[in-house]
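Dear colleague,

Please find below the structure that I am handing over to you. My notes on it follow directly after.

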Amino acid sequence: MAYSEKVIDHYENPRNVGSFDKDDKSVATGMVGAPACGDVMKLQLKIDANGVIEDAKFKTYGCGSAIASSSLVTEWVKGKTLDEAAAITNTEITAELALPPVKIHCSILAEDAIKAAIEDYKSKNA
Amino acid sequence: MKLPIYLDYSATTPVDPRVAALMMKYLTMDGEFGNPASRSHRFGWQAEEAVDVAREQVAELINADPREIVFTSGATESNNLAIKGAAHFYGKKGKHIITAKTEHKAVLDTCRQLEREGYEVTYLEPGTDGIVTPQQLKEALREDTIVVSLMHVNNEIGVIQDIAAFGELCRANKVVLHVDAAQSAGKVDIDVQTMKVDLISFSAHKVYGPKGIGALYVSRKPRIRLEAQMHGGGHERGMRSGTLATHQIVAMGEAFRIAKEEMAEENKRFLKLRTRLLDGVSGMEEVYVNGSMDSRIAGNINISFNYVEGESLVMALKDLAVSSGSACTSASLEPSYVLRAIGRDDELAHSSIRFSIGRFTTEEEIDYAIKIICENIGKLRDMSPLWDMYKEGIDINSIEWSHH
């Protein structure tokens, strides 16, 4: 399958690979997908006192598009408020990475990961 | 060393230069370009003679009579001709066919077609080592069984089946035995006399011959009858009409001649290279070999790298031309049906890679392959949340995943 240059770049030089302490109250963790489906994404956001995402990290088990989608999202969410981050859609990710139709589920997964992380943060800090 | 490194000899092989050189002599005006069916002039006679020599060479590799060799366009056509041809011819005796779940699509899809025509097919399930036992076949045989089709060597996992034992059973029960030997010719000894096989499919391009040519062995003693699938001028004793492709047939003959001569030495070399490759990557954790190690061709190794997704693995190994058990790279998103049939879970099936070693593989290439495999598996595992969980001792099967 021919990947776009952007996918290959993110795949070969993934941004922000790593983890934060998931028990830290300022850390939001979202894990989505399933091993049997071939992709699992873990997205973690570090949120400051003003509700702004100061840092983001990811780990992904999945194809090149899944890795690129999560890598891209960690770049995009930095500096955004939770509401702004929640507004990121899979279509934006698909367009940025020029994902082929069979890989759109990767961008959906990345969007879901952001939402799951924000959910986690809200329930932790409720 | 040229990149990417070709380690996909089970998919196809380059034509041996000796074969290509010979093939060239059967194309142009100054060569033997005649139609082997032309009886009235020298051009035809010489082409016919060249075909006869090639037929003899193919027959010799499997200890058959040259009159038992029918040239086809490849193993897919041979499989179709054998299974449909025998099922149709013997259809009055019964409608039951036996095959296995790990067969090549050319066999499985042919059987599906026969099911649509009203035949009944039993699909044997091999053990976790990929082997079908004679006992399984014995239990599946029925009064109305007419054809058994089982492969000699599996294309994905390289395991070798006990064809002679199947032959005994089928001969005793007067059932036609067809064997797909596309992956075994030139790699494993085949003797049609001792193995008691009735029909065998061959392909030239897996044995350093050209694509587009293959053969079907059709036993004369006992005499096996087939209904032709291709009608026309009655070539190949009526079993397969169509002008014989002299240059391709000559090439196949030469490729099989070389295979017979060099097989034993080659296998020793392949085994060394394969052992080197396996030893080189076995230092990593969670590395699994798929299929039997005891009954396996020397040039094949199929390995699953747990907690690494198959498609990203293939991307990471872009300097290696290998096949992935994860069909993500093709149209469907299904993992290998062969690995599933031998009981591998989806994750391991997705993360499998088939390495196949061949005539032009060097030790230097294997060493380079080991290096990039180890580096990239490490990199991908560092990126994998599943690897973290494994390291923390969390059983990923205990987690409720949201399937999407």
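The model is a predicted one. Across the interface of chain A and chain B, the rule finds three salt bridges. In one of them, the side chains of A:Lys59 and B:Asp388 meet at 3.1 Å, N to O.

On the side of chain A that touches chain B, the elements giving two or more residues are α1 (5–12), β1 (27–34), β2 (39–47), β3 (53–61), α2 (64–77) and α5 (104–124) of chain A. The largest share comes from β3(A), with four residues. By class, this side of chain A comprises 17 nonpolar, seven polar and five charged residues.

Regarding extent, 29 residues from chain A and 26 residues from chain B take part in the contact. About 2,400 Å² is buried between the two chains, and carbon and sulfur atoms give 64% of that area. A:Tyr11, A:Pro35 and A:Tyr61 supply 28% of the area that chain A buries against chain B, more than any other three residues.

Turning to chain B itself, there are 13 helices and 13 strands. A compact globule of 404 residues would have a radius of gyration near 22 Å, and the 22 Å of chain B agrees with this. The C-alpha atoms of chain B fill a box of roughly 80 × 55 × 35 Å along the principal axes. Of the 404 residues of chain B, 58% count as buried. Among contacts in chain B between residues at least 6 apart in sequence, 72% join residues at least 24 apart.

Yours sincerely

Key: Residues are numbered from 1 along each chain as its sequence is written. Chains are lettered from A and ligands numbered from 1 in the order in which they are written. This is a predicted model: local features need pLDDT of at least 70, side-chain atom pairs count only at pLDDT 80 or more; totals for chains, interfaces and linings use all residues. Side-chain values use heavy atoms; hydrogens and water are left out. Contact means heavy atoms within 4.5 Å. Buried area is the accessible area (1.4 Å probe) that two parts lose on being put together, summed over both. A salt bridge is a side-chain nitrogen of Lys or Arg within 4 Å of a carboxyl oxygen of Asp or Glu. Ala, Val, Leu, Ile, Met, Phe, Trp, Tyr, Cys and Pro count as nonpolar, Asp, Glu, Lys and Arg as charged, and the others, Gly among them, as polar. The radius of gyration is taken over C-alpha atoms; the globule rule is 2.2 Å times the number of residues to the power 0.38. Buried means under 20% relative accessible area, exposed over 50%, partly exposed in between (1.4 Å probe, protein chains only).
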